Amino acid sequence: MTTTTLSPSDRIRTLHETHGPSVLRHLIKMTRGDKQTAEDLLQETMLRAWRHVDTLPEQELNQRRWLFTVARRIFIDTVRSKMIRPSETPVFDLEWVTRSEDTTDAALAGEAMVRAFKQLSPAHRQVLTDLHLRGRSIEDVARELDLPPGTVKSRAHYAIRALRQAMDPKD
């Protein structure tokens, strides 16, 4: 049975089964091991073959050459489009952007917190930093500091208590 007597979908299926793996390997090399991009490029190559199914070469060797040529051109077009696209802007941490409710009072309170934090002992600062600023678990902090978990909890408790006392405006 020749390829012209096959239906278009059978013809594309045969083309993909016969040449798809070798085109994919070639595209993986071209993309320097980026399999996902190579698979996307193979899909685009097969889509172009589907669109031109009536004009595809009859001979298997010529079909292979056609597919490799189309895949290479799609790869080149993709690289060129990435080169002319403007560079992406970095994502910023919006938690640090001032909000409308930020006032002078909030700034003063933040400054007071920093001063109070600096007054803590190094052990208390370390525990609070690990637990609350870095979001680590009590078990992880205990393991890193080579302390029992109960000691880490106790230090955190007394450090927070010291911060509250230092921040209390009644003093």
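This is a predicted model: local features need pLDDT of at least 70, side-chain atom pairs count only at pLDDT 80 or more; totals for chains, interfaces and linings use all residues.

Trainee: How do α1 and α3 cross?
Mentor: The axes of α1, residues 8-30, and α3, residues 60-84, come within 10 Å and cross at roughly 45°. That angle makes α1 oblique to α3, and the crossing of the two is right-handed.

Trainee: Which residues meet there, on both sides?
Mentor: From α1 the contact has R11, L15, T18, H19, S22, V23, H26, L27 and M30, and these meet E60, Q63, R64, L67, F68, A71, R72 and F75 in α3. Sorted by type, the residues of this contact of α1 with α3 are 8 nonpolar, 5 polar and 4 charged.

Trainee: Why do some of those numbers step by three or four?
Mentor: An α-helix has 3.6 residues a turn, so residues three or four places apart point the same way.

Trainee: Back to α3 on its own: how far apart are its end C-alpha atoms?
Mentor: They are 36 Å apart, which agrees with the 36 Å that the 25 residues of α3 should span at 1.5 Å a residue.

Trainee: Changing topic, what about α5 and α7, how do they cross?
Mentor: The axes of α5, residues 122-133, and α7 come within 9 Å and cross at roughly 100°, and α5 and α7 are therefore roughly perpendicular to each other.

Trainee: Which residues make that contact?
Mentor: In α5 they are A123, H124, V127, L128, L131 and H132, which meet V152, R155, A156, Y158, A159, I160 and L163 in α7. The residues of this contact of α5 with α7 divide into 10 nonpolar, 2 polar and 1 charged.

Trainee: Then where do α6 and α7 sit, and at what angle do their axes cross?
Mentor: Helix α6 covers residues 138-145 and helix α7 covers residues 149-167, and their axes come within 8 Å and cross at roughly 105°. That makes α6 roughly perpendicular to α7. The contact is made by I138, V141 and A142 of α6 together with P149, V152 and K153 of α7, and the residues of that contact of α6 with α7 divide into 5 nonpolar, no polar and 1 charged.

Methods: Residues are numbered from 1 along each chain as its sequence is written. Side-chain values use heavy atoms; hydrogens and water are left out. Axes are lines fitted to C-alpha atoms, for helices over the stretch in contact, and angles run from 0 to 180 degrees between N-to-C directions. Helices (H or I, at least four residues) and strands (E, at least two) are DSSP runs, numbered from the N terminus. Angles under 35 degrees count as roughly parallel, over 145 as roughly antiparallel, 65 to 115 as roughly perpendicular and the rest as oblique. A crossing is left-handed if the near helix is turned anticlockwise from the far one by less than a right angle, and right-handed if clockwise. Contact means heavy atoms within 4.5 Å. Ala, Val, Leu, Ile, Met, Phe, Trp, Tyr, Cys and Pro count as nonpolar, Asp, Glu, Lys and Arg as charged, and the others, Gly among them, as polar. The expected span of a helix is 1.5 Å times one less than its number of residues.
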